[in-house]
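Biologist: I am new to this structure. Please walk me through how to read it.

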Amino acid sequence: MTDAIELLAVAKRAAAAGAAVLSQRTAVGTGGAGLGISNKGDAGDWVTEFDVAAENAVREAILAARPNDTITGEEHGTTRPEQASGYRWSIDPLDGTTNFIRNIVYYATSVAVADADGVWLAGVVHAPALGRVYSAARGQGAWLEVAGEATRLAGPVPGRTGLILATGFSYDPDTRANQAAGLAELMDGFADVRRLGSAALDLCLVADGTYDAFGERGLNEHDFSAGALIAEEAGCWVRRPRLQSPLDGGPTTEDRLAAWTCAGALELSGKFPL
């Protein structure tokens, strides 16, 4: 069995490769010209040439170290080797594409790996414009690296006042309207809300205690795979969606849009709908 620490090292190299591509964004204007922008179908669900190039870089780094692993990525879907190892990588080369297009610095490359039973073993969220690298290996805690200095993460401060909730809204108009209608109830017990546009980083900011909780409907696996493990290893309460694996053709859009991803301090676990 491969050690989670070994997998984390590969995840860090892969996420760094994707983030290096995203770092080239600084040479492009704030209007998004030159990014090779197209739309995936839903209004506001954008993809750029950087998304594709970053995913290519992430995949190359993983395959160089682990050629027999399966990879599921946002842009290129699932690829399975003939002699699959049983390990599967879930990658989001650019979480926060709209932010990236508008030159809002809240975006990242997310890389995570699970074993044959679907247990997440290692995850990295690398945010180049923020200079932050969040990481975790199962059973080894969660960490934040800034300028080469690593700090262990311990989640939100228990019992503090002025609680902050992070959330997001779907590109699907009907789902978004439903989310907006339920926001007041969801906010009960919280002092304020933030919506910054990257679920991977939102989960990491729960892990480092910036936010007290995060909850959002409709996320894809690649949105939460690394961030949820990082929050979990920081000692947070985490709820992942129970969705059909992409290896089995899932999930359906209906199931995904109905499912919640949540993280926070343990005492806030009852704040989110089941």
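The talk below goes from strands to cores to a pocket.

Modeller: This is a predicted model, where local features need pLDDT of at least 70, side-chain atom pairs count only at pLDDT 80 or more, and totals for chains, interfaces and linings use all residues. Residues are numbered from 1 along each chain as its sequence is written, and side-chain values use heavy atoms, with hydrogens and water left out.

Biologist: Which strands does β7 pair with, and in what sense?

Modeller: Strands are DSSP runs (E, at least two residues) and helices are runs of H or I (at least four), numbered from the N terminus. Two strands pair if DSSP finds at least two bridges between them. Here β6 (residues 108-114) runs antiparallel to β7, joined by 6 bridges. Trp120 in β7 is the bridge partner of Ala114. On β7 pairs with β8 (residues 132-137), also antiparallel, over 6 bridges. There, Ala127 stands opposite Arg132.

Biologist: What do the two hairpins look like at their turns?

Modeller: Between β6 and β7 there are 5 residues, and Gly118 in the turn has a positive phi of about 85 degrees. Between β7 and β8 there are 4 residues, and Gly131 has a positive phi near 70 degrees.

Biologist: Is β7 mostly covered or uncovered?

Modeller: Buried means under 20% relative accessible area, with a 1.4 Å probe and protein chains only. In β7 (residues 120-127), 8 of 8 residues are buried.

Biologist: What makes up the largest nonpolar core?

Modeller: In soluble globular proteins, nonpolar side chains tend to be buried together. A nonpolar core is a set of buried Ala, Val, Leu, Ile, Met, Phe, Trp, Tyr and Cys residues joined through side-chain atoms within 4.5 Å. The largest one has 35 residues; Val125, Tyr134 and Ile230 are among those with the most contacts inside it. Elements supplying at least two residues each include β6, β7, β8 and α6 (221-233). Helix α5 gives the most, 8 residues. Apart from this core lies another, of 20 residues, including Leu8, Val113, Ala122 and Val124.

Biologist: Which residues line the second largest pocket nearest its centre?

Modeller: On a 1 Å grid over the protein atoms alone, a pocket is an open set of points where a 1.4 Å probe fits, with protein on both sides within 12 Å along at least five of seven lines; lining residues have an atom within 4 Å of a point. Of 15 lining residues, Gly182, Leu183, Leu186, Trp260 and Pro273 lie nearest the centre. Helix α4 gives the largest share, 6 residues.

Methods
Buried means under 20% relative accessible area, exposed over 50%, partly exposed in between (1.4 Å probe, protein chains only).
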